[in-house]
Structures are given as structure tokens and as C-alpha cells.
Amino acid sequence: MTNLPRWFDIGVLPLVNLALALLATAVVVALVGEDPLEVLAVLLQGAFAPSSLGYTLYYATNFIFTGLAAAIAFQARLFNIGAEGQALLGGLGVALACLSLETALPGLIVTLVAIAGAASFGAAWAAVPGWLQAYRGSHVVITTIMFNFLASGLMVWLLSGPIMRAGQGSPQTRLFGETVRLPALHDIAHTLGFEVARSPLNLSFVFALLASTAVWVLIWRTKFGYALRAIGHGEEAARYAGIPVRRVVVAVMAISGALAGCMALNEVLGAQHKLVLNFSAGYGFTGIAVALMGRNHPLGILAAGLLFGALFQGGAELNFEFETITHELTLVMQGLVILFSGALAYMFTPWLARLLLTQRPDHG
């Protein structure tokens, strides 16, 4: 396999893939009879206008958490595709803390316990597949898929019975108390004397930025990060060097699950203030594409998360502005970006490598 310079791989190749995805999207839009440039303008306006930016960042928060979860596992060559189930368990951790403690403890304490519950429930749910791979040889791809189904089934049972709001038939809990939730950023801005448009964007966006910084420090500035990257480059060599591979694998999966579980902070504790069925809405799977597009680097994941947040919010705006662009078509457009940024991310690597080689002064 031909290797590109790291600056090109992280900075240029994702832009090439994005451009190809937009070109393919333009063809689809033209086939349904719309002007691609006009559609792009509406999408950008719908995603980044002052009244819409909060929604874009709100969606991006989910993608940042799940992208980080996938990326840290990828660093150790672990393909964690269980972020969806880990996020569901994170939501359960939030709900159990809020529903059981909000009348017994101050709101701030309950909120902190709920944050810890999201991370710890997600970590515990991911640590089991990690342990099964490390100590029993069960492949993490298979076990995380199975655990997604287990998490989904568990949530259906709980939200249709034990923790369902009394007197209603929809699968959700009652609302949490007013003091047990993450504050919305428009409320924080108002307190500081600024006026911003109302949106579901909340303090979990700040947590996502802090998590990105923490992941960067963990991977590239700590002994543990060196160990997990060594495992990713060669497990047998890492074991020969004295790295406790099994323990690191379990720990990496637990950290990955904790990050995925923290996605519930945005949805459950920050926006909906209750636990509803299937609140994860596929963010865990899209996070894999976010990690791939961001080249498993926190800075790239922030940019990719913002892109996918813009696609979600801007895609919703397209549904209102164009009769021919339905919700299903916007999903096709989002899928094309995922296809070129994820599955086909390295399709043009050999060609680009040859192009770079011909531009070098010493090439002869």
C-alpha cells in the first residue's frame, strides 16, 4: 500500500473525498430537476445561519462523541461498532441517576452523578466485548454487534414497563426535574448578557470539546497512548516489548464505550430531559464514518462532526424549500458523503501518491 505524507492524508485527502461526494450529490440533485448550486446554497444557509447554527452544533456534538469513541478503538486496531448500544446504556445510566436521586440530593450533585453514570454505563457495556476478545478470542466486531441488539432489547423492555412514565403508552420515562439537566447554551449566553437564537445546543458541546482534547493528550502524550498505538501497529511486537496487551485492550474498549455513552448527555440530559426509545438514532454508526473522515485524529473528528451536523440540519432545511427533495433523498445525499469519506476513503491514494511523487524536485 502506498503511503501519503501525514499532512496530506489528514488535511487534503478528506477534502478530495468530500469534493467527490458533493459532485456525486450534484448529479443526483440534477437528475431530480433541481439546480445543484441553489441546493448547496440553501443547505449552507440552513446549516450556518444564526438561527440554525445551534442546531448544527447540537447534531455535531453527537457525532464528535461517537467519532471519538470509534477513533480511540481504531488506534489499537479494534473495530468498535457498538457505539449505538453503548450510547443507549449511557442514556440508561443518566435516567437511573436522575429518576432515583433527584428528590434526595441537590440538582448539581445529581447532574454530576448522571454524567458519571453515562460514562460508566457505556464503559461497562463496551468492556465486556473487550474482555471477551482479550481473554477468550471472541472478535470484537461480532460481540459489539450482538451487544447493540442486547442494548436495544433491554431498552424496549425497560421503557415499556419498569421505568415507563405512568399513565401513558409511549416508551419513555417521565421528565426529569428542572434542576437536573444540562443548561442550554442560549440560556448561558443570556445570563452573560448575549442574545442568541434558541436551540437544543447545551453544555455537552463544551464537554465534547474537552473530550477531544483529553483524547489527543491520552493517545499522543501518555504512556498508555503509546501502548495502545503500539498494539495497533503490531500486537505481537507490543507483547514482546512487555506491554500488557490484554489489559490495554479491555481498557481501550472501556474508554471507547465511555465516550459513546457520553453522547447521551447531549440527547437525554441536555435536550429531551427524559429517556426515550431509540434516542441514539444511528449516531453510533455514523460516528464510524466521522472517525474515518477525521483520520482518527480529534481535530479531524471535530471538523467531520461539524460537517455531518451541517448535513443533518441543512438537509432538514432542504425538505422545506424543495418539493422534489424529500427526506429520503437527503439521506441519499448524506450516504454519499459517508460512502466517499468512509468506505472509499483511500480509493484515490495510489493515484494521489504518484501525483505527489511527480511534483517533487528530486524526482527523476
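Analyst: One definition first: buried means under 20% relative accessible area. Please also keep in mind that this is a predicted model.

User: Okay, which residues of helix H9 are buried?

Analyst: In helix H9, which covers residues 223–233, the buried residues are Gly225, Ala227, Leu228, Ala230, Ile231 and Gly232.

User: And what do the buried residues of H9 pack against?

Analyst: They pack against four helices, namely H3 (53–75), H8 (204–220), H10 (235–240) and H11 (245–261).

User: Let's take H11, then. Is Leu259 buried or exposed?

Analyst: Leu259, which has its place in helix H11, has a relative accessible area of 9%, and because buried means under 20%, Leu259 counts as buried.

User: What does Leu259 touch?

Analyst: Not counting residues up to four places away in sequence, Leu259 touches Phe65, Leu68, Ala69, Ile72, Ala211 and Val215. The C-alpha atoms of Leu259 and Gly67 are separated by 8.9 Å, although these two residues are 192 residues apart along the chain.

User: And over in H8, how exposed is Leu209?

Analyst: Leu209 lies in helix H8 and is partly exposed, with a relative accessible area of 35%.

User: Switching topic: how many residues are in the largest nonpolar core?

Analyst: The largest nonpolar core has 79 residues, and those with the most contacts inside it are Val94, Leu275, Phe279, Phe308 and Leu318. Helix H3 gives the largest share of this core, with 12 residues, and the core draws at least three residues from each of domain 1 (1–34 + 326–364) and domain 2 (62–294).

User: What is Leu275 in contact with?

Analyst: Leaving aside its neighbours within four places in sequence, Leu275 is in contact with several residues, among them Gly91, Leu92, Ala95, Met155, Phe176 and Val268.

User: How many disulfides does the count come to?

Analyst: The count comes to 0 disulfides. Cys98 is in no disulfide, and the nearest cysteine sulfur, that of Cys262, is 14 Å away; a disulfide would need the two sulfur atoms within 2.5 Å. Cys262 is likewise in no disulfide, with the sulfur of Cys98 as the nearest cysteine sulfur.

User: Are those two buried or exposed?

Analyst: Cys98 counts as buried at 0% relative accessibility, and Cys262 is buried too, with a relative accessible area of 14%.

User: Now pockets. What volume does the second largest pocket have, and what lines it?

Analyst: The second largest pocket has a volume of about 340 Å³. Its lining is made of 18 residues, of which Leu22, Thr25, Leu40, Leu43 and Leu311 lie nearest its centre.

User: Which helices supply that lining?

Analyst: Helices H1 (6–31), H2 (36–48), H14 (298–321) and H15 (327–343) each supply at least two residues of the lining, and the largest share, 7 residues, comes from H2.

User: One last thing: where is Thr143, and what does it touch?

Analyst: Thr143 has its place in helix H6, residues 140–159, and is buried, with a relative accessible area of 7%. Not counting residues up to four places away in sequence, Thr143 touches Pro129, Leu132 and Ser138.

Technical notes. Residues are numbered from 1 along each chain as its sequence is written. This is a predicted model: local features need pLDDT of at least 70, side-chain atom pairs count only at pLDDT 80 or more; totals for chains, interfaces and linings use all residues. Side-chain values use heavy atoms; hydrogens and water are left out. Buried means under 20% relative accessible area, exposed over 50%, partly exposed in between (1.4 Å probe, protein chains only). Contact means heavy atoms within 4.5 Å. A nonpolar core is a set of buried Ala, Val, Leu, Ile, Met, Phe, Trp, Tyr and Cys residues joined through side-chain atoms within 4.5 Å. Domain bounds come from an automatic or database domain assignment. On a 1 Å grid over the protein atoms alone, a cavity is a set of points where a 1.4 Å probe fits but cannot get out, and a pocket is an open set with protein on both sides within 12 Å along at least five of seven lines; lining residues have an atom within 4 Å of a point. Grid points are joined across faces, edges and corners, and a volume is the space filled by probe spheres set on the points.
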